Amino acid sequence: MRHLTVNILLDPVAAIGRACLAMIRKAGALALFALAGLSHLLRPPFYWKVFFNALIEIAFFSLPVVALTAIFSGGVIALQSYAGFAQYHVQSAIAGIVVLAVVRELGPVLAGLMVAGRVGAAMSAEIGTMRVTDQIDALRTLSTDPMKYLVTPRLLAGTLALPFLVLVADILGVLGGFTVSVSKLGFDPHSYVTATLNALKPLDVMVGLSKAAVFGFIISLMGCYHGYTSRGGAEGVGSATTAAVVAASILLLAFDYLLTDLFFAQ
Amino acid sequence: MNAQPKIRIRGLTKSFGPKKVLDGIDLDVETGTSFVIIGGSGSGKSVLLRCILGLVTPDSGSIEIDGEDVLTASGKRREELERQIGMLFQNAALFDSMTVADNIVFGLRAQCRAQHKRLSAAQARTQAGEILRQVGLDPSVGALAPSELSGGMQKRVGLARAIAGTPAILFFDEPTTGLDPIMGAVIDGLIVDCVKRLGSTAIAITHDMASAQRIGDRAAMLYQGKLVWQGLASELMHSGNPMVDQFTHGRKDGPISMELRR
Ligand SMILES: Nc1ncnc2c1ncn2[C@@H]1O[C@H](COP(=O)(O)OP(=O)(O)O)[C@@H](O)[C@H]1O
Ligand SMILES: [Mg+2]
């Protein structure tokens with residue numbers, strides 16, 4: 001009878017322990033995967049063609065989605081802050097709020113989430129399909145290291161493409177805020193631009209773009225890792241794709257918090 | 001005393017979890033001969049090839065190529081040894097992001113890189129066309145995507161990609177499975193041609209008896225992780241071994257009971 005009571009008490013602890021161990025194991029596997037992918041940057045050959053294809057896929061073909069997201073979000077910030085600040089008669093602050101919100105947070109995070117959905121899914125589906133149809137093994141038999149060929153160029157492409165997309169998102173987000181403020185809220189265009197430029201600090205832009213680089217790396221890493229390790233036919237590829245998008249989105253938000261804390265907390 | 005075999009395997013074992021897939025495999029393949037392995041689905045035939053290719057790490061045993069143990073060789077040397085092997089995968093495993101021609105060029109370039117040779121784009125294209133012709137396809141097929149091809153054509157392109165690097169060893173994993181008997185015979189013919197032309201040593205997996213006898217010089221049967229019979233491929237149909245007899249004649253009663261559960 002006694003050991004039963006002990007079991008009831010200990011079982012949940014054991015379950016938590018098992019879950020933690022599984023998580024640590026996964027984090028370890030992920031770290032090793034990332035290191036292996038990065039290490040090939042230092043060991044030629046580098047597959048430029050794969051890199052450029054990935055770069056175009058991420059940077060160019062994500063442009064419409066990122067652009068639309070940024071324009072609407074900038075506009076929404078203008079509307080919301082106008083509604084919020086009207087009671088304090090400080091509408092003049094709107095230009096500054098829009099540019100700060102967009103450059104520091106909305107640009108990197110929204111562009112990151114959009115790209116995580118688009119590119120993270122596409123990458124894990126493509127690499128996962130290659131895994132379950134033996135194409136990754138085929139690479140090996142053709143003297144090509146699949147990490148070097150598939151993963152390394154994508155990691156680099158993601159890391160470089162996201163800052164570019166976020167720069168575009170920054171500009172269009174501010175433009176969205178400007179359009180709404182001028183056409184709908186009756187602001188003077190000239191003074192809005194002046195207020196925007198006054199509020200804009202190069203450091204904010206730099207920090208936003210650095211965040212974007214980290215996000216881009218995370219998205220590519222999640223897409224590649226989940227695709228590369230997928231098992232069990234079409235169904236396995238499907239769940240790998242979902243896992244890649246979910247993991248990329250959550251990690252992205254977590255790192256956003258950490259980096260914001262790091263850069264702006266003082 | 002015979003010359004050293006091209007491939008010599010001793011005491012190879014591999015388990016996945018509690019499941020013993022390979023349980024002490026001993027196998028010699030003489031240089032320039034073709035070896036056929038037969039066995040039921042899930043008996044571990046593909047795993048055996050994957051072990052030799054370095055795609056799966058065995059639990060114990062040795063795999064020698066040209067007398068050198070692959071498993072204990074240094075990373076670089078191991079790559080050199082494994083580079084000699086060309087593989088036709090069960091479902092061809094063509095790169096579906098590339099055209100047929102680019103698939104073959106990929107095989108060509110892998111070989112050229114290893115030998116530090118340059119290969120111009122124009123050269124690559126002509127050579128790819130030439131190799132397509134060798135497997136009975138028109139060079140114009142090179143412009144198609146792998147998904148546009150029938151199963152038999154995919155197998156041909158897979159074969160073309162495997163032989164592009166003129167490998168000293170060729171592996172075929174169920175080359176005729178899923179093809180109609182005539183196409184199966186055609187692919188077998190191509191395989192025999194290619195192996196002869198390149199002077200390669202070959203291992204083929206199949207459960208098609210006609211195919212086994214067309215391709216193989218020697219044959220073995222894999223059952224429950226062991227090679228339960230080895231002999232000449234021509235003796236397959238009258239080996240005198242009850243397990244081989246049951247398998248080759250497709251009888252449902254005999255020493256082999258199909259495991260429907262695992
Ligand atoms: N990577 C793996 N992980 C776990 N089990 C595997 C793996 N590869 C093969 N197996 C198992 O090993 C057994 C033999 O597989 P395989 O060699 O593909 O059979 P076949 O003889 O049909 O080619 C199967 O039961 C399969 O489930
Ligand atoms: Mg198989």
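Chain A has nine helices and zero strands in its secondary structure, where helices (H or I, at least four residues) and strands (E, at least two) are DSSP runs numbered from the N terminus. Its pattern along the sequence reads α-α-α-α-α-α-α-α-α. The C-alpha atoms of chain A fill a box of roughly 70 × 65 × 35 Å, taken along the principal axes.

This is a predicted model, in which local features need pLDDT of at least 70 and side-chain atom pairs count only at pLDDT 80 or more, while totals for chains, interfaces and linings use all residues. Residues are numbered from 1 along each chain as its sequence is written, chains are lettered from A and ligands numbered from 1 in the order in which they are written, and side-chain values use heavy atoms, with hydrogens and water left out.

**Domains of chain A**

- Chain A is divided into domain 1 (1-39) and domain 2 (46-264); such bounds come from an automatic or database domain assignment.
- Taken over C-alpha atoms, the centres of domain 1 of chain A and domain 2 of chain A are separated by 31 Å.
- Eight residues from domain 1 of chain A and 11 residues from domain 2 of chain A take part in the contact, a term that means heavy atoms within 4.5 Å.
- Between them, domain 1 of chain A and domain 2 of chain A bury about 830 Å², with 84% of it on carbon and sulfur atoms. Buried area is the accessible area (1.4 Å probe) that two parts lose on being put together, summed over both.
- Of the area that domain 1 of chain A buries against domain 2 of chain A, 64% is supplied by A:Leu30, A:Phe33 and A:Gly37, more than by any other three residues.

**Domains of chain B**

- Chain B is divided into domain 1 (1-84 + 169-262) and domain 2 (92-167).
- The C-alpha centres of these two domains of chain B lie 25 Å apart.
- In chain B, 18 residues of domain 1 are in contact with 13 residues of domain 2.
- Domain 1 of chain B and domain 2 of chain B bury about 1200 Å² between them, and 71% of it is on carbon and sulfur atoms.
- B:Arg83, B:Leu190 and B:Leu198 supply 33% of the area that domain 1 of chain B buries against domain 2 of chain B, more than any other three residues.

**Interface between the chains**

- Contacts join 16 residues of chain A with 19 residues of chain B.
- The two chains, A and B, bury about 1500 Å² between them, 57% of it on carbon and sulfur atoms.
- A:Gln135, A:Thr141 and A:Leu142 account for 37% of the area that chain A buries against chain B, more than any other three residues.

- A backbone N or O atom lies 3.2 Å from an oxygen atom of ligand 1 in the case of B:Ser43, and 3.0 Å in the case of B:Gly44.
- A polar backbone atom of B:Lys45 is 2.9 Å from an oxygen atom of ligand 1.
- Taken alone, ligand 1 exposes 560 Å², and the protein buries 63% of that.

Note on methods
Polar contact = N/O pair within 3.5 Å; in protein donor to acceptor, adjacent residues only side chain to side chain. Areas by Shrake-Rupley, 256 points an atom, 1.4 Å probe, with all protein chains shown as cover.
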